[in-house]
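Please read this short report alongside the sequence and the 3D view.

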Amino acid sequence: TLTGTVESDIILIPEVLGVGEVAISDHRSSAPTHDELARLASEARVAGLLAGKSGISFFHVGDGKGALAPLRALRDETDIPLRQLYPTHCNRNPWLFAEAIEWGKAGGWVDLTTSSFPDLLEDGERLAADALLELLAANVPAERITFSSDANASLPRFDGEGRLIEMRCGQIASLWQQCVRATRLGVSLERALAVVTSNPAQALGLGSKGRIGVGQDADLLLVHDRTFAIERVMSGGQWRE
């Protein structure tokens, strides 16, 4: 925290919307207990109400066998609304993805990481676009699915004994690449765009983002009508070079 508590960070610092990434089901996490997670998510929730923000709790979910079990416990054993619990990296392995399908069908958020590498897919990781297609086919509500890039974050690889063997870096370009790939796989452009615009804006409580309309922030991409290659970028109503 910057001010000493989660509540005061969210209330006093405009850029702080909630809490995260909180690592669960990961050998690199601080192994938070159920009570600690419940307290953290509750603090974020209450502070969000006071500050007029989402107060959401964003969870990094690792390769651990527990997968979404800590979040299911929060859902089932506390009064924290489901929409406050936001898991990411849900496409990283088969058992987590299977749980993410059920989580999404129950109304929870499902965030897919777009910074994937083709040579790692043999470990069971799904490309975000492919995972989106599967989620939609499984009747997960389209408005509950989001993409995030993990841009500039470390993407470590470990061997079977937990030793670090490689370190890569997330790429921001992957966000648009996977959005375009989704359209190539048959997802409508409107639906593919929503997972990188209106859906995350709704999850994070960013009312002026994610849509085109009067009073909205003019954050726009000008793309080629056939290739979808980005030709120009507008941010806050200003063209960026």
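## Aromatic rings and a parallel sheet

In this predicted model, the charged end of Arg144 sits over the ring of Trp109, at 4.5 Å from the ring centre. Another arginine, Arg232, lies over the face of Trp239, with 4.4 Å to the ring centre.

Trp109 also belongs to an aromatic cluster, together with Phe58 and Tyr86. The count of aromatic pairs comes to 2. The table lists them.

| Pair | Centre to centre | Angle between planes | Type |
|---|---|---|---|
| Phe58 and Tyr86 | 4.9 Å | 70° | edge-to-face |
| Tyr86 and Trp109 | 5.8 Å | 45° | tilted |

Phe58 lies in strand β2 and Tyr86 in strand β3, so their pair ties together parts that are 28 residues apart in sequence. The pair of Tyr86 and Trp109 links distant parts of the chain as well, 23 residues apart. Trp109 is in the loop between α4 (94-105) and β4 (110-113).

Strands β2 and β3 are part of an open sheet of 3 strands, in the order β1-β2-β3, with parallel pairing. β1 (19-24) and β3 (85-88) stand at the edges with a single partner strand each, so one side of each has no neighbour in the sheet. On average, neighbouring strands are turned by 30° against each other, direction ignored. β1 pairs with β2 (residues 57-61) over 4 bridges, and Ile24 stands opposite Val61 in β2. Helix α2 (residues 34-51) packs on the sheet and touches β1, β2 and β3. The direction of α2 makes about 165° with that of β1.

Conventions:
Residues numbered from 1 in each chain as written. Predicted model: local features only at pLDDT ≥ 70, side-chain atom pairs only at ≥ 80, totals over all residues. Heavy atoms only, no water. Pairing = 2+ DSSP bridges. Helix = DSSP H or I, 4+ residues; strand = E, 2+ residues; numbered from the N terminus. Axes fitted to C-alpha atoms, helices over the stretch in contact; angles between N-to-C directions. Contact = heavy atoms within 4.5 Å. Phe/Tyr/Trp six-rings, centres within 6.5 Å; stacked < 30°, edge-to-face > 60°. Lys NZ or Arg CZ within 6 Å of the ring centre and 35° of its normal.
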